[in-house]
Amino acid sequence: MLKEVCRGKLASSELYTILGGFTSSLIFILLLTFIGNYQETCGVRTGWGAVILAEVFALVAAGTVHRVSITTCFLFSAALLYEVNKLSGVMVSRSESRGKRY
């Protein structure tokens with residue numbers, strides 16, 4: 001994994017440690033998207049299990065860099081999850097309003 005290769009650089013300063021947490025939160029979003037799409041394809045209802053599984057993997061990836069990266073990863077992941085949920089609500093309401101017009 002690229003984070004393991006760049007571990008020394010990411011743990012060298014406070015800013016890079018925060019960057020390590022942010023990159024792990026991007027891993028969280030990618031895994032959450034992958035798991036959710038896979039579950040939808042299989043016909044399984046997605047839920048909090050996908051969120052928890054993706055978060056655990058992202059936190060483990062952040063833990064390979066620094067302990068502070070775990071905390072920043074969790075905070076960034078929570079913020080990104082909130083934004084994804086808000087975006088999903090907007091898209092659902094938009095598609096429902098299109099369905100009611102016709």
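Start by selecting the buried residues of α3: T17, G20, G21, S24, S25, F28, I29, L32, I35, G36 and Q39. Buried here means under 20% relative accessible area, with exposed over 50% and partly exposed in between (1.4 Å probe, protein chains only). Helices are DSSP runs (H or I, at least four residues), strands are E runs of at least two, and both are numbered from the N terminus. A word on the source: this is a predicted model, where local features need pLDDT of at least 70 and side-chain atom pairs count only at pLDDT 80 or more, while totals for chains, interfaces and linings use all residues. Residues are numbered from 1 along each chain as its sequence is written, and side-chain values use heavy atoms, with hydrogens and water left out.

Now show α3 as a whole. Its 29 residues reach 42 Å from the first C-alpha to the last, close to the 42 Å expected at 1.5 Å a residue (the expected span is 1.5 Å times one less than the number of residues). Step off its end and you land on G43, with a positive phi near 85 degrees.

Next, pick Y16, L19, F22 and L26, which make a nonpolar surface patch of about 310 Å². Patch members have over 30% relative accessible area and no salt bridge; like charges are joined within 9 Å, nonpolar side chains (Val, Leu, Ile, Met, Phe, Trp, Tyr) within 5 Å. A salt bridge is a side-chain nitrogen of Lys or Arg within 4 Å of a carboxyl oxygen of Asp or Glu, and the areas are Shrake-Rupley values with a 1.4 Å probe, counting only the protein chains shown as cover for residues.

How many aromatic pairs are there? The count is two, where rings of Phe, Tyr and Trp (its six-membered ring) pair if their centres lie within 6.5 Å; planes under 30 degrees apart are stacked, over 60 edge-to-face, the rest tilted. F22 sits in α3 and F76 in α5 (residues 67-101), so the pair ties together parts 54 residues apart in sequence. F76 is partly exposed at 30%, and F22 is partly exposed at 33%.

Then select F34 and Y38, a stacked pair at 6.4 Å and 15 degrees. They are four residues apart in α3, about one helical turn. F34 is exposed at 56%, as is Y38 at 51%.

Finally, zoom out: the chain has five helices and zero strands.
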